[in-house]
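Good morning, colleagues. Please look at the model on the screen while I speak.

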Amino acid sequence: MNDPRTTPARPDLAAAHLRGQVEAASYVEGRAMTIARGRAALRHAPAQDALQEDELLFGEAFTVYDSKDGWAWGQSAVDGYVGYVHTFVCGDAIEPTHRVTALTTPLLTGPDVKRATRDLLPLNARVKVLESSKGFVRIAPDGFVFAGHIALLDVFAPDWVATAERFVGTAYVWGGKSHAGIDCSGLVQTALAAAGIASPRDTDQQETALGRPVPFAERRRGDLVFWDGHVGIMLDATRLLHANAFHMQVEIEPVEEAVARIAPVAGPVTSVKRL
């Protein structure tokens with residue numbers, strides 16, 4: 001059965017490659033585009049107050065299958081999520097050369113810290129470098145970022161758990177995956193991406209796809225602890241790092257306390273997975 005979260009199909013329209021697999025009134029080839037804003041909410045419906053399912057980042061490839069009334073319906077190339085974004089966040093397709101390694105870096109109008117900031121590009125945003133100037137780089141389609149805040153696409157952070165720790169205190173935002181707001185599975189996906197490890201978007205997908213099971217009693221740094229609808233990262237044998245709605249931010253707490261508090265809401269731990 002096709003997962004609607006990652007299947008570009010509606011009753012009236014579906015991606016051409018799904019012909020014969022799903023029923024739709026028509027099928028279309030998508031248009032390859034790139035997210036041209038620092039962050040873009042991928043929503044469940046074409047409305048500003050619709051549920052944010054995911055967050056797309058600058059430079060992320062996005063295939064658009066339909067565009068109407070200021071909304072584009074399409075699919076992310078990063079995790080396959082399908083939804084709606086404002087059409088103005090979609091730009092021409094580019095081939096990125098680098099990615100952002102800072103939690104956030106300003107996109108400036110010139111190669112100088114005093115120049116105006118056009119946007120803020122989050123960790124894992126992808127950029128195409130056109131030229132270097134005075135410790136900054138000019139990126140496509142235009143604008144400058146600090147050269148010390150980017151790395152080549154094949155250069156990764158050595159410790160993904162340490163990357164996750166950088167988000168401590170970040171606000172909890174459903175569907176978020178940046179320093180402006182992040183949720184539990186977004187934290188895992190974002191930290192792993194910085195280390196060059198691909199991850200699905202949601203907790204149930206991550207629990208199925210990532211790592212191998214280990215006993216809860218044998219947990220250690222880097223293990224993922226799953227509940228029904230929640231995930232956290234072990235910093236060591238006793239401390240859990242997770243974005244959670246109880247604290248409304250990314251927090252570190254004793255894992256036994258988290259287990260006891262979460263149990264009445266989401267039940268017991270369903271698995272511990274080791275990458």
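I shall discuss the aromatic contacts of this structure and then its charges over rings.

This is a predicted model, in which local features need pLDDT of at least 70, side-chain atom pairs count only at pLDDT 80 or more, and totals for chains, interfaces and linings use all residues. Residues are numbered from 1 along each chain as its sequence is written, and side-chain values use heavy atoms, with hydrogens and water left out.

How many aromatic pairs does the structure hold? There are two, where rings of Phe, Tyr and Trp (its six-membered ring) pair if their centres lie within 6.5 Å, and planes under 30 degrees apart count as stacked, over 60 as edge-to-face and the rest as tilted.

Tyrosine 65 and tryptophan 73 form a tilted pair, at 6.0 Å centre to centre and 55° between the planes. Tyrosine 65 is buried, at 11% relative accessible area, and tryptophan 73 is buried at 4%; buried means under 20% relative accessible area, exposed over 50%, and partly exposed in between (1.4 Å probe, protein chains only).

Phenylalanine 136 and phenylalanine 146 form an edge-to-face pair, with 6.0 Å between centres and 65° between the planes. Phenylalanine 136 is buried, at 9% relative accessibility, whereas phenylalanine 146 is partly exposed, at 38%.

I turn to the charges. Tryptophan 73 also has the charged end of arginine 10 over its ring, 4.4 Å from the centre; the criterion is NZ of Lys or CZ of Arg within 6 Å of the ring centre and within 35 degrees of the ring normal. Arginine 219 lies over the face of phenylalanine 216, 4.3 Å from the ring centre.
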